[in-house]
Amino acid sequence: MISREKTSMTNPLYDTVLGQRADSSAPLLHLPQGEVVSYADMAARVARISGYLRAAGLEKGDRLAMQCPKSPAALALYLACLHSGVIFLPLNTAYTPDEIAYFVGDATPKILVVDPDAHEALAPIAAKNGAKVLTLDAQGRGSFASAVADAAPARTPVTCSTDDLACFLYTSGTTGRSKGAMLTQGNLLSNAETLTTCWRFTDQDVLVHALPIFHAHGLFVACNVLMCAGGSMIWLNGFSVDGVLGALPQATAMMGVPTFYTRLMEDARFTRDIAGHMRLFTSGSAPLLAETHMRFEERTGLAILERYGMTETGMNSSNPYDGARRAGTVGLPLDGVALRVVDETGLEVPQGEIGMIEVRGPNVFKGYWQMPDKTAQAFHPDGFFITGDLGVLDADGYVTIVGRDKDLIISGGYNIYPKEVELILDDQPGVQESAVVGAPHPDFGEGIVAVLVADEGSPLDLAEIREAVAVKLANYKRPKHYVVLEALPRNTMGKVQKNLLRDAYADLFQPGAQRRPPASSVA
Ligand code: MLC
Ligand code: AMP
């Protein structure tokens, strides 16, 4: 619950994560070249950016979108949006201009900040939507930096309440059309405070930060929690085994997706000696196999703490800091989060039975931007949000996720809705229809398989299809494997039986697996 003291702050989220330490020389970021950014340094940068945003005419509730490489300047831009009441819209750096055009058209940001390399492709999209486009590279250089350098700093944050919108994060859906999840200051603040307490973060903590900062995990879970605690982050530009191994000796904690842990364990240098001193390793965004959990414990003597969340809700449940971290489970509902498992009629199922996971609490988002129907469909009248995840509660209240009631693939911690890929495949010359499924993948958890049916008498050019898909879709959404069949398996109602396809390709990505094409060709 957000305290009374917080609600009387001028800008509760900004004050909690940075404002209260705006004069502190304590380290916030440790950069790869040894440079340190203190809390005070960050607050000074934020004041300048906030001054610029105000001078540029952005007001509370306006949007600013960013598709930039990870950098301290990009983090400062997020914090400056909080400071000035501007809604921050971070975009995956892998999105193609086609994808960006949709987000910009939907969210209508007043400013779009992009990588200089993408300026030429994105400037027309910004112009079409009346947005000003500025550039910011990985070193913090570009037209955005020049514009900000001339601005007079704005030191006082714009007054915001916990109900004001702080960020939009886009999530895809079963229809293939992305929805902007509207997150309030209160959503982000409550989750940051709850996780800080639950995972015992303090100003003594040093987090290995190897996640991207355009999603909930890297930005809200990692950055907000560390700043809320007053700790610091070893700021890596992305995940690499060498980068993490180099950072671990100075660190106390790390947050990651399962792929981080499987990749680390593939390296003989990742041992109890290098990791055993760590206070905490957390995992989320995708299922952590029980086998990975156990191998990690054997290797390091430490149990990974797995937690469960969503873009729309932030974190919902977590294994305990003290007490049993049960492999294969996502732990107990967080303080303040009500979690229930229900059947199709909305009634809670008996303990031990599978049902839909639904959650309610201060962490749950306000709705989808300009999509009142989708918002209404996502909630029950009593305020519970329907997650689309199927789960089961055990006698001690631990949650296990057993599947999804949504056609979703999670690859390396990123979500891919098959429909979005199928719509593009169906458009390709010679393709009659397509079905996209996820198959177990040793590195990414799931790998995308595209199953195509060709128009009669028209052989498919898979190389051409791959190229066309690459223009339209971010790299992680692109199928890792294509199969051509004579027909898709369908049930008597005519519905594609994706379960049969999943079964047929279950060992496609397994090391040494025999690729068994059920029909014509595989590539
Ligand atoms: C990269 N590729 C991927 C991929 N990431 N393919 C599938 N799934 C992914 N996640 C592609 C690359 O484009 C490349 O394709 C090939 O795979 C190999 O690339 P790589 O160099 O091995 O990838 P890398 O850059 O190392 O990235 C892998 C990764 C990254 C796991 C480090 O994907 C990552 O940082 N994931 C974290 C995602 C995350 O933060 N999720 C949080 C969402 S929030 P090619 O064809 O060019 O060779 C959320 C809420 C919650 O879910 O609960 O937390
Ligand atoms: P996103 O909306 O991109 O944030 O993805 C949220 C989805 O990721 C959830 O609905 C779950 O399906 C999945 N997810 C997140 N954390 C876990 C976890 N620890 N175990 C299993 N699935 C998870």
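Tutor: Helices (H or I, at least four residues) and strands (E, at least two) are DSSP runs, numbered from the N terminus. This is a predicted model, in which local features need pLDDT of at least 70 and side-chain atom pairs count only at pLDDT 80 or more, while totals for chains, interfaces and linings use all residues. Residues are numbered from 1 along each chain as its sequence is written, chains are lettered from A and ligands numbered from 1 in the order in which they are written, and side-chain values use heavy atoms, with hydrogens and water left out.

The part to look at is the site of ligand 1. Its shell (residues with a heavy atom within 4 Å) holds 22 residues, and the closest are Arg263, Ser285, Arg307, Ser411 and Asn475. Helix α11 (258–265) gives at least two residues to this shell, as do α9 (216–229) and β13. The largest share, 3 residues, comes from α11. By type, the shell has 10 nonpolar, 9 polar and 3 charged residues; here Ala, Val, Leu, Ile, Met, Phe, Trp, Tyr, Cys and Pro are nonpolar, Asp, Glu, Lys and Arg are charged, and the others, Gly among them, are polar.

Polar backbone atoms of Gly412 and Gly413 are each 3.0 Å from a nitrogen atom of ligand 1. At Gly309, a polar backbone atom is 3.3 Å from an oxygen atom of ligand 1. On its own, ligand 1 has 1000 Å² of accessible area (Shrake-Rupley method, 1.4 Å probe), and the protein covers 71% of that area.

The domains put the site in context. Ligand 1 lies between domain 2 (239–405) and domain 3 (409–504), because both give residues to its shell; the domain bounds come from an automatic or database assignment. The centres of these two domains, taken over C-alpha atoms, are 28 Å apart. Contact (heavy atoms within 4.5 Å) joins 7 residues of domain 2 to 8 residues of domain 3. About 590 Å² is buried between domain 2 and domain 3, with 40% from carbon and sulfur atoms; buried area is the accessible area (1.4 Å probe) that two parts lose on being put together, summed over both. Thr259, Arg263 and Arg404 supply 57% of what domain 2 buries against domain 3, more than any other three residues.

Terms used: A polar contact is a pair of N or O atoms within 3.5 Å; within protein, one must be able to donate a hydrogen and the other to accept it, and residues adjacent in sequence count only if both atoms are side-chain atoms.
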